[in-house]
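Reader: I am new to this structure. Please show it, and then let me ask about the terms.

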Amino acid sequence: MKTLGILGGMGPAATVAFLDRLLALTPAREDEDHIRVVMDMNPRVPNRHRDPPGAKEELAAMAARLKVMGAETLAMPCNTAHAHADAIRAAGLPFLDMIALTAAEAAGQLADGGPRRIGVLATPGGQDLYVAELERRGLTPVVPEVGGRRAFLDLVFQVKAGDVGPERRAEMRVLAQALIDDGAGALIAGCTEIPLLMGPADVAVPLIDSAETLARACVRECA
């Protein structure tokens, strides 16, 4: 078994939900079967959504601290912050790339012979990462219109403030349905706050949860 290092806190609720998935997905019968985890739960990383100075340096420092703490593999349950993946890899440890893993999972969920279009619900920074990765794989990303992107980001910040009530859930379903109506054959939940509002039962096409995809990869790598 390998020790997993988690760069967390972006946001805190999403990180806690990720740890819950990691626990549930690990094939354990007793305590000793679970993955050893060291984590830097750091909500003070400069806001990734506004591309501020200092985010890259802070993430690099977190990765270095986790290595000193004994981490052998790194993971980060925040899609947007993957823009600074190179700074994390500079610590010299394997880094499980949530963007690449999720795009690969989404591609596998498309119906045979169906449209090669994948909807992306993500922050502006996360959306750019997914668009590039999907296009690299020969797939067509489907993204919200400008108004939808603003509405999505507003929803993310409302979740971060603790509002996961029925109105917010309904708003997320509306944004997802717009991508399906635009021809998406699968959807990527490309922000770790999305599962706090919406699950696979809420949409008519496969919904690929980036946090769960990453958690499964962590189990494969470390358990």
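Author: Helix α7, residues 166-181, has 16 residues and reaches 22 Å from its first C-alpha to its last. This is a predicted model, in which local features need pLDDT of at least 70 and side-chain atom pairs count only at pLDDT 80 or more, while totals for chains, interfaces and linings use all residues. Residues are numbered from 1 along each chain as its sequence is written, and side-chain values use heavy atoms, with hydrogens and water left out.

Reader: What makes α7 a helix, and what span is expected of α7?

Author: Helices are DSSP runs of H or I with at least four residues, and strands are runs of E with at least two, numbered from the N terminus. α7 has 16 residues. The expected span is 1.5 Å times one less than the number of residues; for α7 that is 22 Å, and the 22 Å reached is close to it.

Reader: Which residues of α7 are called buried, and on which side of α7 do they lie?

Author: Buried means under 20% relative accessible area, exposed over 50%, and partly exposed in between, with a 1.4 Å probe and protein chains only. Arg168, Met172, Leu175, Ala176, Leu179 and Ile180 are the buried residues of α7. They lie on the same side of α7 because their arc around the axis is only 145°, taken from the directions from the helix axis to the C-beta atoms. Pro166, Glu167, Val174 and Asp181 are exposed on the other side of α7.

Reader: What do the buried residues of α7 pack against?

Author: They pack against β5 (117-121), β6 (140-142), α6 (146-160) and β7 (186-189), where contact means heavy atoms within 4.5 Å.

Reader: How do you know that β5 pairs with β6 and with β7?

Author: Two strands pair if DSSP finds at least two bridges between them. β5 and β6 have 3 bridges, and 4 bridges join β5 to β7, so both cases meet the definition of at least two. Both pairings are parallel. Glycine 119 stands opposite valine 142 in β6, and its bridge partner in β7 is leucine 187.

Reader: Why are β6 and β8 called edge strands?

Author: The open sheet has 4 strands in the order β6-β5-β7-β8, with parallel pairing. β6 and β8 (207-209) each pair on one side only.
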